[in-house]
Amino acid sequence: GRDPGELIVRKAIAAKARNRSCFPAYEVETYTLFSARWSETPPLIVRRQLPDSFPVEKGAVVFMSEAFSRVYRGPKGEQREEILRSRVVGERSYSVLGSWTLQGFDPYADRLSLPSIFPTAFVLPLAQDAPLYYTYRLVGEVGEGTDLYYKVAVLPRSAYSPCVEGYMLIADESYALVGLEWRVAVPRPLRYTDSLKLRATYVP
């Protein structure tokens, strides 16, 4: 028979419209890290164009920038980001600083489109057609006070499909999404990066 995790996720998908409307406005704190390093030593013709101080060894970090910010989203879709702390390591002229990459991210959406990272839109685990792309496995239950949450593993059916993997926390009775930890890594379709991780907790 079906794993209980799939039955729970199907109920969460059916309850999306109700649970999505619970947060018409919210505030979230985000940590964003961008880094780039040489996967291979660049060829001589490239090295000759770089400053003498520029790192060129295989695995050397070209740049790293990180930012801790607070994002406000209003009931009409208005959004504002406040950079609280930031840091840049390496060649600043090549770095990216601040700006929440997943602005407007909706975990209940059918697809996640990030053209700068994903050459194709990714299917999210709570999409209407997600059971065609994922299998789900109930790995445990988490209690917090009088609340009960189901921890469900998210497993892509194909190693190459545009899907995430990880787990979700889904509330008992309401079947609302209360937490997630998703990751993407090659050989899935990625651009300019070999991995991406997303962790979120939703607290009313």
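Which backbone oxygen does the side chain of S161 reach? The points below take up this residue and then the sheet and core.

1. Basis of the note. The model is predicted: local features need pLDDT of at least 70, side-chain atom pairs count only at pLDDT 80 or more, and totals for chains, interfaces and linings use all residues. Residues are numbered from 1 along each chain as its sequence is written, and side-chain values use heavy atoms, with hydrogens and water left out.

2. Residue S161. The side chain of S161 reaches the backbone oxygen of S158, at 3.3 Å. The residue lies in the loop that links β7 (147-156) and β8 (165-171); strands here are DSSP runs of E with at least two residues, helices are runs of H or I with at least four, and both are numbered from the N terminus. S161 is buried, its relative accessible area being 12% (buried means under 20%, with a 1.4 Å probe and protein chains only). Residues up to four places away in sequence aside, S161 touches P156, R188 and P189 (contact means heavy atoms within 4.5 Å).

3. The sheet. Five strands form an open sheet in the order β6-β7-β8-β9-β10, with antiparallel pairing (two strands pair if DSSP finds at least two bridges between them). Strands β6 (134-144) and β10 (195-201) stand at the edges with a single partner strand each, so one side of each has no neighbour in the sheet. From one strand to the next the twist averages 15°.

4. Pairing around β9. Strand β9 (residues 177-185) is joined to β8 by six bridges and to β10 by seven. I170 stands opposite L177 of β9, G166 has W182 as its bridge partner, and L180 faces A200 in β10. The hairpin of β8 and β9 has five residues between the strands, and E173 there takes a positive phi near 75°.

5. Helix and core. Helix α1 (residues 4-14) lies across β6, β7 and β8 and runs at about 85° to β6 (axes are lines fitted to C-alpha atoms, for helices over the stretch in contact, and angles run from 0 to 180 degrees between N-to-C directions). The largest nonpolar core has 35 residues, and those with the most contacts inside it include V9, I170 and W182 (such a core is a set of buried Ala, Val, Leu, Ile, Met, Phe, Trp, Tyr and Cys residues joined through side-chain atoms within 4.5 Å). Helix α1 and strand β9 are among the elements that each supply at least two residues of this core.

Note on methods. Buried < 20%, exposed > 50% of the residue type's maximum accessible area, 1.4 Å probe, protein only. Polar contact = N/O pair within 3.5 Å; in protein donor to acceptor, adjacent residues only side chain to side chain.
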